Amino acid sequence: MVELQHQLASGLALGGVYAITALALVMIFQATQLLNFAQGEMAMFSTYIAWTLINNGWSFWSAFAATLALSFAGGVAIQRLIVRPFAHAPVLASVIIFIGLSFIFNALAGFFFGYSVQTFDSPFDGPPWFGNKFMSASESGSVVVSVAVLALVFAFFRFTPLGLAMRAAAQNPTSARLVGVRVGWMLALGWGLAAAIGAVAGMMAAPIVYLDPNMMGGILLYAFAGAVLGGIDNPWGAVLGGFLVGVVENLLGAYVVGEEVKLSVALVVIIAVLVAKPSGLFGRRIVARV
Amino acid sequence: MSAILRATGLKAFYGPVEALHGVDFEVEDGCVTALLGANGAGKTTTLRAVSAMIRREGVLEYAGRPLNGRGPEDVARLGVAHVPDGRGTFTDLTVDENLRLGAYVRRDRRKLKTDFERVFGYFPRLAERIKQQAGTLSGGEQQMLAIARALLSAPRLLLLDEPSFGLAPLVVSEIFRILRAINQNDGVSILLVEQNASLALDLATRAYLLETGRVVVGGEASTILANDSVRRAYLGY
Amino acid sequence: MRALPRLGWFFAVLFGVSAPFWLSGYRLYQFSQVLIYAIALLGLNLLTGFNGQISLGHGAFFAIGGYSAAILIVKLGLPYWVAIPAASAVCFVAGFLFGFPALRLGGLYLALATFALAVATPQLLAYKGFDVLTGGSQGLQVLKPTAPFGWPLNVDQWTFLICLASTGTLFVLARNLLNGRIGRALVAIRDHPIAAEAMGIDAALYKTICFGISAFYAGVAGGLDAVAVGFVAPESFGLPLSLAFLVGIVVGGLASIGGVLFGALFIEFVPNYADQLTVFLGENAKALPGAIYGVLMILMMAIAPTGVAGLVRSLTRMMRRT
């Protein structure tokens, strides 16, 4: 029983990483109808930036903050310079662009930071919180950070004028323009936010999966699975999906299929959901306009 | 009286296709001007051209200054509120959120509270449904919401595209009564596109008749109403 | 000038046929790889370029071909010239079956599903449960083919000739396919799916068959690869391979048969040259191929969406006018 709780706990910790990555994916999807295949590599690169700062003497949280700011700026730049010119291009073109971006980030990380696996210390060390027996301090910390990020994003979109404007721009760009919203910049902000959120995911994942240029490949897949499961156009469904995938993947890996084939769980989830109920658990029915 | 909006030789294009072939019209400050005509005459196109939603050429002057070379966001920030055909409500957002978006361009947040109260005074039904999702409102309520949202941007000029479309007569007359009040009490100029000519001519002081992208008749609303041949040829009665 | 493409093909064939006699062992092996990639790229191009179904997971079918052939050779003792066609048939069935759920997935979702397939493939191949067949994470060793009837050709030369013959046959097959009714139907389905259906084209059938054929090509390539390289192992068949295929058809030219050759040359030799640069740039020059791929993919979409083949076509058109 204790073992099960351990598995649940670590499933939640990773699930938090999947959840916030899934949120970033859904944010971009809602605004642009595109899947950001480069989300993982962007997060990985951000984590390397944090790692470099920490190695140069910065405290974890100041490196964290600086990385968020830099990632945000990077996301905005990517949208303005690379994504926007292809806004009206066919789907295949944007898929190719995002794959190209992921190649570039992967190569940059390898070139500047090397390919050897690095350790990335969690900022939460020490004894388990509140003397609990199930979650290590770093796991508890990771979950808390993930939930905090989710809460902040939720509050931003729900209660601030800018958040409202971004939602409006994503749902109905034409009407948004008519009320004075600069839709183009809203998209850029969305990308910046997604990049910053991805950076958090990377920094929470690195203590668990270790830091190397290929660390986010599996995580991105699980995040996709969570987003698809929850509903690719429903942010909170995606979050729930991410946590679910984290827990299920961990349990299945520990008790059913074995650690080595956990990724195929994600594969099965993705294909099964897309074929049986493409809108996921909480999304709207996807209607193709003829 | 000066013109809040003046168009000279206005052309508009959907891609390579020219849809407006050089129209001239003006909206007097504080007055209501109607654009009339059959389906496809170019009325909606004219409003879209004013709002810079489509490519246009020609001269557009707003409050004496040229309106060219800007996008819809900029036109909105100048005090031109456009209620598009089909209402343009954000159906997935609540009534409250739709209204708050109307106020997005406002700098003077302090006046906002009184403006909200005035808008609810015009449209009490919206106050009742404030937390409701906009897409679940009836057609008439959505039209009221669209107009209310436009009002909250404290516009000098209101562009209205077919407010009567698809609504029951009782609802329509209520809306037009409110439009008259908005024009007279708040001094908001209105450029009104309508297929229902009698309603429009009743509210407007000036009117222009459009046919396939050109103005064929323009003048005082009362003159157009009195002109039998125009009425029979273009307004069907 | 109209003769330029034909001239190009003539020299390519000439090069191919003569190569075993003047290229060294390793170089010849590399060109065998080029031919193998060309076959795989042709399959992917059929699916994605001509028929518009985005596949980010073609490495998986390549793997199925390679592993099937390896298993048939190693575990059942079949000769390669039986194993490879058999493996390809398996791939056709696999692709055809995958084509059914793929029908329900539009462009982006199919890309996602095939992406997942690519990421999951190495794990599945290494799965201990399949150890007996697949050799687990160690993979399988395959004996390379020797020339028949005692002909005086070494392993590299004979392998190259097999690849050449396969490539030639499959290219001609593809060209005939695409020039005929099937090809036109596929393109119609890509560009105007609803109009195509309205005209009576059974889109579902064509799309699943296309998936099958495309997987068949990848399977042939995979089988030849298993035999040319001499072993199959899980790590070779992951996401990087599937993405390299995508790079190949983008660079060579989507919906271009000739471009596929250039794409294959590209993905074979760019990593190779980048590797040689590690001498000068240090260990991290491993990053160079990825950087080149990434920059080129974005650049190509921006300035040459029809790839190198398209550029060549525009060039010949320009020269024809002068």
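Predicted model: local features only at pLDDT ≥ 70, side-chain atom pairs only at ≥ 80, totals over all residues.
1. The contact between H3(C) and H10(C) draws on residues of both helices, including Phe61(C), Phe62(C), Gly65(C) and Gly66(C) from H3(C) and Ala218(C), Gly219(C), Gly222(C) and Gly223(C) from H10(C). When the residues of this contact are sorted by class, twelve are nonpolar, six are polar and one is charged.

2. H3(C) also packs against helix H4 (residues 80–103) of chain C, here at an angle of about 140 degrees and with the axes 8 Å apart. That angle makes H3(C) oblique to H4(C) as well, and H3(C) passes H4(C) in a right-handed crossing.

3. Among the residues that make the contact of H3(C) with H4(C) are Ser68(C), Leu72(C) and Ile73(C) of H3(C), together with Tyr80(C), Ile84(C), Val90(C) and Cys91(C) of H4(C). By class, this contact has 13 nonpolar and four polar residues, and no charged residues.

4. Turning to how the chains meet, which of the two pairs of chains that touch has the most contacts? The most contacts are between chains A and C, where 37 residues of chain A are in contact with 37 residues of chain C. On the side of chain A that touches chain C, helix H4 (91–113), helix H9 (216–230) and helix H11 (262–276) of chain A each supply at least two residues, and the largest share, 15 residues, comes from H4(A). That side of chain A has 29 nonpolar, seven polar and one charged residues.

5. The contact of chain A with chain B takes 15 residues from chain A and 20 residues from chain B. On the side of chain B that touches chain A, the elements that give two or more residues are helix H2 (72–77) and helix H3 (95–102) of chain B, and by class this side has eight nonpolar, six polar and six charged residues. Chain B and chain C, by contrast, are joined by no contact, and their closest C-alpha atoms lie 21 Å apart.

6. The largest nonpolar core has 299 residues, and those with the most contacts inside it are Ala266(A), Ile270(A) and Ala116(C). Helix H8 (residues 183–209) of chain A gives the most to this core, with 18 residues. Leaving out residues up to four places away in sequence, Ala266(A) touches Leu221(A), Tyr222(A), Ala225(A), Val245(A) and Glu249(A), and also Ala116(C) and Ala120(C) of chain C.

7. Apart from its neighbours within four places in sequence, Gly198(A) is in contact with Thr21(A), Ala24(A), Gln39(A), Met42(A), Ala43(A), Ser46(A) and Ser71(A). Gly198(A) and Gly218(A) are 20 residues apart in sequence, and their C-alpha atoms are 14 Å apart in space.

Key: Residues numbered from 1 in each chain as written. Chains lettered and ligands numbered in written order. Contact = placed C-beta atoms within 7 Å. Helix = DSSP H or I, 4+ residues; strand = E, 2+ residues; numbered from the N terminus. Nonpolar A, V, L, I, M, F, W, Y, C, P; charged D, E, K, R; others polar. Axes fitted to C-alpha atoms, helices over the stretch in contact; angles between N-to-C directions. Parallel < 35°, antiparallel > 145°, perpendicular 65-115°, else oblique. Left-handed = near helix turned anticlockwise from the far one by under 90°. Core = buried A, V, L, I, M, F, W, Y, C linked by C-beta atoms within 7 Å. Buried ≥ 20, exposed ≤ 12 C-beta atoms within 10 Å, placed from the backbone.
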